[in-house]
Each structure stands twice: as structure tokens, then as C-alpha cells.
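Please look over the sequence and the structure shown here before reading on.

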Amino acid sequence: MTTDTLEKTDYTQLIEDLAKKGRAAQRKLARASDAEKAAGLRAAAKAIRADSANILEANAKDMAAGEKRGLTGAMLDRLKLDEDRLEAIAGAIENVAKLPDPVGEVIDNRSSPSGFGLERVRIPIGLIGIIYESRPNVTADAAALCLRSGNAALLRGGSEAIHSNRALHAAFAKGLEEAGLPADAIQLMPTQDREAVGAMLKAAGLVDMIVPRGGKGLVARVQEDARVPVLAHLDGICHTYIHADANPDMAREIAVNAKMRRTGICGAMETLLIDSGFAEGDKVLAAIADAGCELRGDERAQKLDTRVKPATAEDWDTEYLDAILSVAVVDNIDEAMEHIAAHSSGHTEAIITDNDEAAERFLAEVDSAIVMHNASTQFADGGEFGLGAEIGIATGRLHARGPVALEGLTTYKWQVKGKGQARP
Ligand SMILES: NC(=O)C1=CN([C@@H]2O[C@H](COP(=O)(O)OP(=O)(O)OC[C@H]3O[C@@H](n4cnc5c(N)ncnc54)[C@H](OP(=O)(O)O)[C@@H]3O)[C@@H](O)[C@H]2O)C=CC1
Ligand SMILES: N[C@@H](CCC(=O)OP(=O)(O)O)C(=O)O
């Protein structure tokens, strides 16, 4: 069904229809065994491989439209598929099939004071709506993780990836059908009209959870419209603090990597905080500037390297997703943590230091989803954390924070096993 021509007022009905189908499919999925779900994913991977010519043709259409619209190199790189990337997508689905089924896992087992047995058992969340950027692999990753964890998904990818997403989704659904699983478990939103996103956000009781994965525009929409519980996967204004007791070589290497490895991902460092007691701040900045990065800093940062331009107040709250870095010099760890508390988006922050006491304070006191000691913020990733895959990085404060994979897509229920107890 293509509903690009729907009247805006129809979107509430559209979401209701999609949600009903998704919920019915989820109930069937809940009865599928571990082996059946794994087989469904292997069949989806096989269907994607078999359909590769069609998917790559669809992607070529998206790329041509993206180039015409003037998408940046980083955005085009996110959007692009080729044989190798498609094989990686199919391989990732197979890897998710190999992960242990989280559903039914007993996460707590105890006796109550009244003598009945109590177990907390993992269950799927239900129907999950996922809104994400124009990156086709997310369609497959999110579909695979939701299916493996027994959830139905309603996927709404970025508009620039529409043809790629439709082709990938069609192949995935074909694989599920061939394996005898309900194809409606993984649905793709049939319109790109943002009003339909609004309707999905308001669909309390129909959609169980929304994962918004994106930047400021999406944040504003979510804040305005969301009536469904939200597991926010939002922007990354990530900081690295070089403490006075940092090893200079390590500080330089980590800072260059955190900014320049891939500037367009949410885990890229956007602000560097240099302690005034650290002797080699100039060398760190020189290395970052030599790697091709524009530097914007406060007055003390400008004194460390002539290439540092003056930062404006806006810079400290900007996610550049580009080769631009804001730099501030701070006098101690408290000042660094205050800056982070004021400007971070709650994604990932790192401290570079050989001082264990400072590291422990930073890890305990900085309130972001991921806090790191002596490592690059670019490691903020489910695969790098050994989770097999990820929906993304949850930046809010709910049950799942940081990389969200299978466990983060489940909730639990209490199972009470009595012997005839009645409460006095
Ligand atoms: N935390 C995480 O795991 C991740 C976070 N990100 C963040 O995503 C951002 C970069 O991606 P970018 O493509 O710019 O993301 P956008 O926020 O522009 O788009 C993401 C998705 O949200 C939709 N969207 C955006 N604004 C609205 C709106 N007002 N109403 C309805 N839907 C909307 C887009 O739809 P449309 O097609 O209409 O534009 C798209 O599907 C960065 O901030 C990055 O940090 C990226 C990856 C992972
Ligand atoms: N955790 C992932 C981040 C994915 C990500 O940020 O996506 P995008 O912004 O679309 O490039 C990684 O480190 O590759």
C-alpha cells in the first residue's frame, strides 16, 4: 500500500490499522520458538541476498536523488549500498539469529516472605515504532533485533532512503513468510509524511514504545507529540575531558580518533575540555587541526593554537557531525563536569587521565548513558560493546541506556508460583 496521497486527517486511522496488524502478528510471534525465529531471520538474510540486484537498483535511485538534492558526502555515505554493504547487512541479520533468544529468560528467582516462589521472566515489549535516519542498514538491523526479541516493529526510516528501505523491507518480509512467520511483524510506514510520525507518537495503547533515532528536529517533534513511552536515541553532543594527569600521547591519540575517525556519527566528540594543568594541550590541538579539523574555542584555547577561532555561545550546544570541534580550557574536574552537565545531550562522555581517583569521580558523577575512562567516544556502539548489534544509543533515563540490543527490547513480568497461599 502506498499512501503518499492520503489526506492528513487519515493518519490516525492509518496508524490504528497498522498497529492492529502489527499487534496481531506479535501475538503469533510470541508463540514462535527460539529456533523458528532464528530460522525466520536466516530466511530474511537469504531473501535479501537473492534480491540484491533489485535492492541495489532502488538504492541507486535514492543516491541519485540525494546527489541532486545536495546531500553532504557524509549523508551520501550513510545512504549508499553496494555488494559488500548488502552482504554485511545479510551477515548482521544472521548474527542476530545466532544471539540467544532473550524471551523467557529468568532474570530473578526468589521466595516471598509468604513462601510462594517468584520469578521475573523476560518478555517482549510488544509493538515498537522506530523512527530513524536515512541509513538503510538500520531497517534490517532494527527488524532483526525486534523479531529476535519477539517484538513487532513499525519502521519509519528517513525519506532519502525510501526506495532502499522499501526494497529491503520487501525482501525481509518475503523471508519471514517463507519461514512461516507473520510478515506483518515487521511493517514499514507506507508514507513519508511527517504527520504520520505525529500520529504514531500519539498512538498510546496501540504502539507500546517509540524509538526516535535522530537529531534536533525529531526531538522537537517528539517533545510536542509523544503520548507513547519513548526510548529516546537522540543527538550526541559528546565530550572528552583531558585531565591534568593524562598521558600526553594517549590524550592526543584518543582526541584525534574521537573527533576524526568518523565525524558524522552520534558518538563523535563535539567538545574537547582541556585541563589548564595539562601541559600538552597545544600538541593535542595541533594534531587535531593537522588532521583537517576546524577548531572553535574560548580565549584560553585560542592561546594554545593560532588556528583556534573564537567560539560563540551556540557552539557549546552544537552537534557538528563534521570536522569541527569546540574547545574549552577548564581549571579542574569540577569545572569540566559542570560544563558537561550544562551542555551534554546525555550520550557519551570520556575522561583521559592516569589518576584513578579523578577517573572514578568522573565515571560516578557524569550522568550520561555511557561514561568512559581512557577510551574514544567513537566506541559508543552495540557491536563494539559485544552486544551483536544495536538499535542505537539510548540517550534518555529509562530502563535501557547506551547501546540498545535484545535485552533493551524486552520488559519482564513477575510469575508467582504459590502453594495455596491466601493473604492474611
Ligand atoms: N542516538 C543514536 O543512536 C543515534 C543518533 N543519531 C542522531 O541523528 C542525527 C543525524 O541524523 P539526521 O538524518 O540528521 O536525523 P533527523 O533527525 O533529521 O532524521 C531522523 C528521522 O527523523 C525524522 N524526522 C526529523 N524531524 C522530524 C519531524 N519534525 N517530524 C517527523 N519526523 C521527523 C526524519 O524524517 P525525514 O525523512 O522526514 O527527514 C528521519 O526519519 C544526529 O543528531 C545524530 O546524533 C543518529 C544515529 C544514531
Ligand atoms: N553506533 C553506531 C552509530 C551509528 C550512527 O551514528 O549512525 P549515523 O549517524 O546514521 O551515521 C556506530 O558507532 O557506528
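How many Å separate a polar side-chain atom of arginine 78 from an oxygen atom of ligand 2? In this predicted model, where local features need pLDDT of at least 70, side-chain atom pairs count only at pLDDT 80 or more and totals for chains, interfaces and linings use all residues, the answer is 3.0 Å. Residues are numbered from 1 along each chain as its sequence is written, ligands are numbered from 1 in the order in which they are written, and side-chain values use heavy atoms, with hydrogens and water left out.

Arginine 135 also reaches the ligand, with an N or O atom of its side chain 2.4 Å from an oxygen atom of ligand 2, while cysteine 266 places a backbone N or O atom 3.1 Å from an oxygen atom of ligand 2. Taken alone, ligand 2 exposes 370 Å² (Shrake-Rupley method, 1.4 Å probe), and the protein buries 90% of that.

The shell around ligand 2 draws at least three residues from each of domain 1 (17-233 + 397-416) and domain 2 (238-379), whose bounds come from an automatic or database domain assignment. The C-alpha centres of these two domains lie 33 Å apart, and their contact, meaning heavy atoms within 4.5 Å, takes seven residues from domain 1 and seven from domain 2.

Across this interface the rule finds two salt bridges, each being a side-chain nitrogen of Lys or Arg within 4 Å of a carboxyl oxygen of Asp or Glu. The side chains of arginine 401 and aspartate 367 meet in a salt bridge, at 3.4 Å from N to O.

Methods:
Polar contact = N/O pair within 3.5 Å; in protein donor to acceptor, adjacent residues only side chain to side chain.
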